[in-house]
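Reader: Please show me the sequence together with the model, and let us go through some of the local features one by one.

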Amino acid sequence: MIINDWPAAIAHIDADCFFAACERLRRPDLAGRAICVLSSQDACIVAKTYDAKAAGITTGMPVWEAKKLMPQAVYLPADFRFYGLLSDKLFAILRRYSPQVEAYSIDEGFVDLDGLRSYWRMGYGEMGDAMRRTILEETGLTVSVGVSVTRTLAKMASEANKPNGLTVVSGRHIAEFMSGQTTRDIPGIGAKRAALLEKFGLRTALEFARAPEAQVQRLLGRSGMDLWRELNGKSLFGIETHAPLPKSMARTASMGQRTTDIRLVRAHLSHHCFRLGMDMLARGLQARRFTVTLRLGSFERIVRTENLPHPTQHLHVMQRAATHLLHGLWQPGMECNACGIVATEMAPADNAQTEMFVTETREANDLPLWQTMQRMRNRFGSTIIRPANTLLRPSTPKSRSSRFAYPLFVCK
Amino acid sequence: MHVLLSRQDMLQAVQRCQNIVERRHTIPILSNILLHADDNTLHFSATDLEVGIQTSSSATVKKSGSVTVSARKLFEVIKELDTEADVELEVADGFVALKSGRSRFRLATLAAEEFPEMQHDEEGINIELDGADLAAMIAATSFAMSSDETRKYLTGTLFEVDKQGHLCLAATDGHRLALTRVRLQQNARAGQCIVPRKAVSEIRKLSEEVAGQVTLRMGDRQVSLLAGDHHLSSKLIDARFPNYGDVIPKSNPHAAVVERLALDQVLRRTMIVANEFTHDVRLQINGGEMQVSAHNTEQEKANESIAIEYSGPDIEIGFNARYIRDVLGALKSDVVTISLKDGLSPVLIKQDMDSAEYYVIMPMRI
């Protein structure tokens, strides 16, 4: 395993305890206190600070269990809009350093630094450190940065030195770095695969990387072979700067009560349809296939699907399809406690099919109206405007909707 | 009921009924065929309450009567019987005993009285025309019907007799329109109706199979086709069809003439890398050449050019390639004429300037 120092250069940037750190940013009074961020239904933990983690709180843990472990922690409902704003800021900083940035998730990204040493007149490690410092100065968030020759190694490197750390693994130092990592530290190797590898004497990442190719192929198949090559310094997974099209988008939720009133179900379904439509507009997507799901009082789930002749992002068309599907599913006396809509067969909305007849053209002309509504929601919050046919549905409780606080940015 | 008839006659009649019967229906008797024997004829009826068919076959009737039996089972049984032996049906004790050669079957029945009575509109516009012509008209238009159940009025084909004595068939899904017309040999009053998709398909099959003249009857509530011994009827879609005349371009000044099969092949190849749901392709028309290109979100691309006869300005326009291919498949000529105005206006595709078929396709914004 002798390779050049930098046959390629990829940086992985991972924000530390992102949601909790965002909350701490706008609530300076919480400094020094453990923070747990709850899921949208306030049911379980989705993020926590390191001290909460040390107390044994894990992601996905029910909130009542977490409160037993750490009653003094602050439990806050998630505010994904605010986290999204900070995430946008973070990625904007990364794009200053390289045009090739992949937003892997809301708080994690890859940056292709290959060839940029002469442009920035600094080494790859220095570039990683510059990104880390700039993010801290301009957003107040700490991130951990890993810089290495492949994507997998860069991710392992950033995980190896958290929080607010920098790890640089050049080709020459791969073996040294991996000798201190277990197979469980390799992204893509979970508990079961690690247990399998251990049975064959492969405990460290280095032992795995040095295992014969045939053995890796036999034990872990093709995906294992890809990881093995990446750990040996051969870059297979590049940076994906174009976000792949989602296979599906769904908006479903419990209604918070059981009902036999189709009007109430229709109001909830219209609400989900509206949310889905707004998200599709924001992401510039359209869909051809829509599925309505109902969860009955017996917890049985029933679904019905409709294929439209052509993909759409028009709310009128989606609402009409959803209502048609609901009426196809609904039986008198039916008791329902949750509903939702799923869009599949997604396509980019920039290539829109034009309509032939006036009625449909009018619907197509409503698009600027939906876009304005989407911008209003983006700017003032999702409760600022909603369709009248959702009015039967009880609105979101005040305790959850009125907690917006202005984020504090340091502008430079 | 006790009858004897040829296996071939019975297979054809049952098969025709089988097309109408819905496999899964909440009303059990609608899965059955009504058999009624009298006057040396065995009558077959099937319906799904929207579309119904009545057909008959000559038979030796030993005892007249009626019964209903599962369409699917009867079809499966007769299909497998000895092709040379006649079929004997006898009703006894709530079952049909079916004999053919050395085969014996006993099939369950439901009472004939429970079978829904099929009503026929006696009034309406009667049109006589050649079955093959009617089938060809449907083949030229039916692909453009919509499958969008939320816009019911587009899920059928418009049958219209205009004031000039033409029978016009029009189908559209809101993005493309297919229209064909034929001059009628007899006088018929003007009128129109929307025939549902399933009935359109059955009218086409029946018209194709029956050689010679057929009678199409367009009533207020029903459309019927009388073809030989067969009487097909269907409820209509009770809605207003869009005013299709308004969307046929009247002033598309630039005509491109292109080889039909060659363009079809280019599109077939190019759309491999187009988005799998929108099938969007870009046509760049300049001089004597049409560039066809496509790309997708995985950054894959395709590009091919084809020679055309064209003398208008350069035009760049996007389409769902499938819509163009459907039209090219419906036309039979060697070349087609594509009339254009600009990159955002509907195009008109015809076999030639005088042909009776009109195809309008709305472009995509690209």
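Reader: Which residues of helix α3 (residues 131-141) of chain B are buried?

Author: This is a predicted model, in which local features need pLDDT of at least 70 and side-chain atom pairs count only at pLDDT 80 or more, whereas totals for chains, interfaces and linings use all residues. Residues are numbered from 1 along each chain as its sequence is written, chains are lettered from A and ligands numbered from 1 in the order in which they are written, and side-chain values use heavy atoms, with hydrogens and water left out. Helices are DSSP runs of H or I with at least four residues, strands are runs of E with at least two, and both are numbered from the N terminus; buried means under 20% relative accessible area, exposed over 50%, and partly exposed in between, with a 1.4 Å probe and protein chains only. By that criterion the buried residues of α3(B) are G131(B), L134(B), A135(B), M137(B), I138(B), A140(B) and T141(B).

Reader: Which residue caps the N-terminal end of α3(B)?

Author: A side-chain oxygen lies 3.1 Å from the backbone nitrogen of A132(B). Such a polar contact is a pair of N or O atoms within 3.5 Å, where within protein one must be able to donate a hydrogen and the other to accept it, and residues adjacent in sequence count only if both atoms are side-chain atoms. The residue that supplies the oxygen, and so caps the helix, is D130(B).

Reader: In β7(B), what is the bridge partner of V3(B)?

Author: Two strands pair if DSSP finds at least two bridges between them. Strand β1 (residues 2-5) of chain B pairs in the antiparallel sense with strand β5 (residues 60-63) of chain B over 3 bridges, where H2(B) has K63(B) as its partner. β1(B) also pairs in the antiparallel sense with strand β7 (residues 87-92) of chain B, over 4 bridges, and there the partner of V3(B) is L89(B).

Reader: In what order do the 3 strands of the open sheet in chain A lie?

Author: The pairing in this sheet is mixed, and its edge strands, each pairing on one side only, are β3 (45-48) and β4 (74-77) of chain A. Strand β2 (residues 35-38) of chain A pairs with β3(A) in the antiparallel sense over 3 bridges, with V37(A) opposite A47(A). The order is β3-β2-β4.

Reader: Where in chain A is Q313(A), and what is the relative accessible area of this buried residue?

Author: Q313(A) sits in the loop between β11 (301-312) and α13 (315-329) of chain A. The backbone oxygen of L285(A) lies 3.2 Å from a polar atom of the Q313(A) side chain, and the residues that Q313(A) touches (heavy atoms within 4.5 Å), not counting those up to four places away in sequence, include M280(A), L281(A) and A349(A). Q313(A) counts as buried because its relative accessible area is 10%.

Reader: What is the nearest side chain of opposite charge to R377(A)?

Author: R377(A) belongs to helix α15 (residues 367-380) of chain A, and among the residues it touches are R81(A), F274(A) and M278(A). Lys and Arg count as positive and Asp and Glu as negative, while His and the chain ends are not counted; a salt bridge is a side-chain nitrogen of Lys or Arg within 4 Å of a carboxyl oxygen of Asp or Glu. R377(A) is buried yet has no salt bridge, and the nearest side chain of opposite charge, 5.3 Å away, is that of D279(A).
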